[in-house]
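Biologist: Could we go through this model together? I would like to begin with the core and then turn to the helix packing.

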Amino acid sequence: MKPRRLSGPVLIAAAVLLAGCAKGNQQYKAARKAESLNDYDTALENYNKALRAEPNNTEYKLKAARARFEASSGT
């Protein structure tokens, strides 16, 4: 019976963690799509939104810096 008691809280914790990551990941995917179309202004906007959702994500920070550079270059 004990494994069954633990499965409830574990499932709830997993759902909460996954729900918290969805928005940043969604914005990240939108940014990648914009970047593939060379729309760096939109990519930067979406990377910044992803960073607000997950401020410690290093990949988001690097991608945002690159998009910022490309957007300022006018390419």
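Modeller: A definition comes first: a nonpolar core is a set of buried Ala, Val, Leu, Ile, Met, Phe, Trp, Tyr and Cys residues joined through side-chain atoms within 4.5 Å. Please bear in mind that this is a predicted model.

Biologist: Which residues make up the largest nonpolar core?

Modeller: The largest nonpolar core has 11 residues in all: Tyr28, Ala31, Ala34, Ala43, Leu44, Tyr47, Ala50, Leu51, Tyr60, Ala64 and Ala67. At least two residues of this core come from each of H1, H2 and H3.

Biologist: And which helix gives the most to this core?

Modeller: That is H2, which contributes five residues.

Biologist: What does alanine 34 touch, leaving aside its neighbours within four places in sequence?

Modeller: Alanine 34, a member of the core, is in contact with Asp39, Thr42 and Ala43 once those neighbours are set aside.

Biologist: Now the packing. At what angle do the axes of H2 and H3 cross?

Modeller: The axes of helix H2 (residues 40–53) and helix H3 (residues 58–73) cross at roughly 155° and come within 8 Å. H2 is therefore roughly antiparallel to H3, as angles over 145 degrees count as such.

Biologist: Is that crossing left-handed or right-handed?

Modeller: The crossing of H2 and H3 is left-handed. On the H2 side, the contact is made by Tyr40, Asp41, Ala43, Leu44, Tyr47, Asn48, Ala50 and Leu51. H3 brings Tyr60, Lys61, Lys63, Ala64, Arg66, Ala67, Arg68, Glu70 and Ala71 to the contact.

Biologist: How many residues of that contact are nonpolar, polar and charged?

Modeller: The contact of H2 with H3 has 10 nonpolar residues, one polar and six charged.

Biologist: Let us change topic to glutamate 35. Where is it, and is it buried or exposed?

Modeller: Glutamate 35 lies in helix H1 (residues 2–36). Its relative accessible area is 9%, so glutamate 35 is buried, the limit being under 20%.

Biologist: Why does lysine 63 count as partly exposed?

Modeller: Lysine 63, in helix H3, counts as partly exposed because its relative accessibility is 21%.

Biologist: What does lysine 63 touch, not counting residues up to four places away in sequence?

Modeller: Lysine 63 touches Tyr28, Arg32, Glu35 and Tyr47.

Note on methods
Residues are numbered from 1 along each chain as its sequence is written. This is a predicted model: local features need pLDDT of at least 70, side-chain atom pairs count only at pLDDT 80 or more; totals for chains, interfaces and linings use all residues. Side-chain values use heavy atoms; hydrogens and water are left out. Axes are lines fitted to C-alpha atoms, for helices over the stretch in contact, and angles run from 0 to 180 degrees between N-to-C directions. Helices (H or I, at least four residues) and strands (E, at least two) are DSSP runs, numbered from the N terminus. Angles under 35 degrees count as roughly parallel, over 145 as roughly antiparallel, 65 to 115 as roughly perpendicular and the rest as oblique. A crossing is left-handed if the near helix is turned anticlockwise from the far one by less than a right angle, and right-handed if clockwise. Contact means heavy atoms within 4.5 Å. Ala, Val, Leu, Ile, Met, Phe, Trp, Tyr, Cys and Pro count as nonpolar, Asp, Glu, Lys and Arg as charged, and the others, Gly among them, as polar. Buried means under 20% relative accessible area, exposed over 50%, partly exposed in between (1.4 Å probe, protein chains only).
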